[in-house]
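I opened this notebook to keep track of what I looked up in one structure, entry by entry.

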Amino acid sequence: MKEKLHPIHIGILIYMTQTAVVILSLPRSLAEHFGTNGWVILIPVSLFVAFNIFVISIVYRMGKGRSVFAVLEQSIPKAVLFPLYLAVGFLWALIGSLVGKQYVLVFQMSSYQSAPPMVFKFVCDFLAWLLINKGIHNIAKASTIFFVMIFWMILLLFYHLSDFSFTRLTPFFFQGETDFWNGLWEVYSSFLGFELSLLLFPYVASKTNMFKAVYAGHFLTSFTYLIVSFVMFGFFSLGQLTSLVNPVIDLLALIQLPFVERIENLLFGFLLYTTLITSVMYFWAAQEAWARVFHCVKPAVLNAFLILSTGLLSLVPKTAEDVRSWLKIFVNIQIGVAIIFPVFLILLLTIQNQKKRVPKNA
C-alpha cells in the first residue's frame with residue numbers, strides 16, 4: 001500500500017507553497033496600489049481564493065479523487081494533450097526557477113553584494129533537484145520541518161510594538177494615488193500555489209478530508225500576510241512604504257540584539273526554506289505534467305532537464321526588477337490556469353458522468 005499524504009502535511013505544504021519571497025515586498029505593493037489602509041484588501045482577495053479552492057474541491061468530488069490527467073485523457077486525444085502538458089509544465093518550471101532567482105537577487109543585494117548571484121542560484125537549484133527526486137511525500141515532510149523552523153519569525157513583529165501607531169493607519173481607506181484593478185491582480189498572484197492541490201488528488205487517501213487542510217493552509221497564509229502588512233502600515237508612513245523596496249527587511253534591520261549584528265541577514269536566510277518549497281512544488285508539478293509525455297524517462301533525468309533548461313533561461317533577466325517583470329508575465333498566465341482549468345475540468349466531468357448514466361437509463 002502506497003503512503004498517502006496526511007492532512008497536516010497538506011495544509012503546511014499549501015502554506016509553504018503560497019508564502020515565498022513576495023512577502024518582503026507585499027506591503028509596498030499594497031501601499032502603491034491601494035493607498036491608505038491597503039492591507040484591508042487582503043481579506044476579500046483571500047476569500048475569493050478560498051472560493052477558487054472550493055471549485056477545486058468540486059473537481060475532487062466529481063472525479064472521485066482521480067488524477068486530473070486521467071480525467072483529461074479519458075475524453076481528449078493525447079495528440080492534443082501532450083503539447084498542452086509540455087507548455088503548462090514548462091510554465092510551472094519557469095515560475096519555480098524565477099521565484100528562486102528572485103530570492104537569490106534580493107539576498108545578494110542585502111548580504112553578499114560582490115558575490116555572483118548564479119552561484120547561489122546553482123546551490124538552490126541543486127537542493128531543489130535533490131528534494132524533488134525524493135517524491136511528494138518527502139517534499140511534504142520537509143516542508144513541515146521547514147515550517148517549524150520559520151513560523152516563529154512572525155513573533156518578531158511584537159519587537160516593534162512600542163513603535164506601532166494607529167495614527168499612521170489613518171481613518172481613511174484606499175486614498176491616494178491608487179491602481180486598484182492592477183493591484184487586485186498582483187495581490188491575487190501572491191496567493192498562488194493553492195492551484196497545485198489539483199495534482200495532489202492521487203496522493204491523498206479517499207477518506208481524508210483533503211480540502212479542510214487546503215483551506216487551513218490558505219487561511220494561515222492569509223493571516224501571515226494580514227498581520228505582517230498591518231504592522232507595516234502602522235510602523236511606516238504611506239510615503240515610506242511606497243519608497244522602500246522590501247519594507248519587511250528594513251523592519252527586521254531595526255531589531256538590535258547584543259550578541260548578533262545585522263540580524264536581518266540571519267532571519268532573511270530562513271526565508272530560503274519557504275522559497276525552496278515554492279520552487280520545488282512548481283518543479284514537481286512540471287515533472288508530473290511532463291512525465292505523462294516522457295513516461296519512459298527517469299524522473300531524476302526529467303527533473304534535471306527542467307531545472308537546467310529553466311535555470312539557463314533565468315540567466316536572461318539580470319536585475320531583481322527584470323525578474324519581477326518576467327514573473328509578472330508568467331504569473332498572469334498562471335492565474336488564468338488557476339481560475340479556468342478547474343472550471344474546464346468540472347464541465348468535462350459533467351459530460352463524462354452523464355455518459356456513464358445513459359446506458360443505465362436505456
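**Ground rules.** I note that this is a predicted model, in which local features need pLDDT of at least 70 and side-chain atom pairs count only at pLDDT 80 or more, while totals for chains, interfaces and linings use all residues. Residues are numbered from 1 along each chain as its sequence is written, and side-chain values use heavy atoms, with hydrogens and water left out.

**The largest pocket.** I looked up open space, where a pocket is an open set of points on a 1 Å grid over the protein atoms alone, with protein on both sides within 12 Å along at least five of seven lines. The largest pocket holds about 710 Å³, a volume being the space filled by probe spheres set on the points, which are joined across faces, edges and corners. Its lining has 31 residues, of which Val22, Gln102, Glu186, Ser189 and Leu327 are the closest to the centre; a lining residue has an atom within 4 Å of a point. Helices here are DSSP runs (H or I, at least four residues), numbered from the N terminus. By class I find eleven nonpolar, 13 polar and seven charged residues in the lining of the largest pocket, where Ala, Val, Leu, Ile, Met, Phe, Trp, Tyr, Cys and Pro count as nonpolar, Asp, Glu, Lys and Arg as charged, and the others, Gly among them, as polar.

I found four cavities of 30 Å³ or more, a cavity being a set of grid points where a 1.4 Å probe fits but cannot get out. The largest cavity has about 290 Å³ of space, and of its 18 lining residues the closest to the centre are Ile23, Met153, Ile154, Val228 and Leu271. The lining of the largest cavity has 15 nonpolar, three polar and no charged residues, and α2, α10 (210-235), α12 (247-253) and α13 each supply at least two of its residues.

**A nonpolar patch.** On the surface, Val119, Phe122, Val123, Phe126, Leu127 and Leu130 form a nonpolar patch with about 540 Å² of accessible area together. Patch residues have over 30% relative accessible area and no salt bridge, and nonpolar side chains are joined within 5 Å; the areas come from the Shrake-Rupley method with a 1.4 Å probe. Leu127 lies in helix α6 (residues 117-132).

**Salt bridges.** I counted four salt bridges, each a side-chain nitrogen of Lys or Arg within 4 Å of a carboxyl oxygen of Asp or Glu. Arg292 pairs with Glu73, with the closest N and O atoms 2.8 Å apart, and this pair links distant parts of the chain, 219 residues apart. Lys121 and Asp125 meet at 2.7 Å, N to O; they are four residues apart in helix α6, so about one helical turn separates them. Are Lys121 and Asp125 buried or exposed? Both are buried, meaning under 20% relative accessible area, with exposed over 50% and partly exposed in between. In helix α15, Glu321 and Arg324 are three residues apart and form a salt bridge at 3.0 Å between the closest N and O atoms. Glu321 counts as partly exposed because its relative accessibility is 45%.

How values were computed:
Patch = residues over 30% accessible without salt bridge, like charges linked within 9 Å, V, L, I, M, F, W, Y side chains within 5 Å. Buried < 20%, exposed > 50% of the residue type's maximum accessible area, 1.4 Å probe, protein only.
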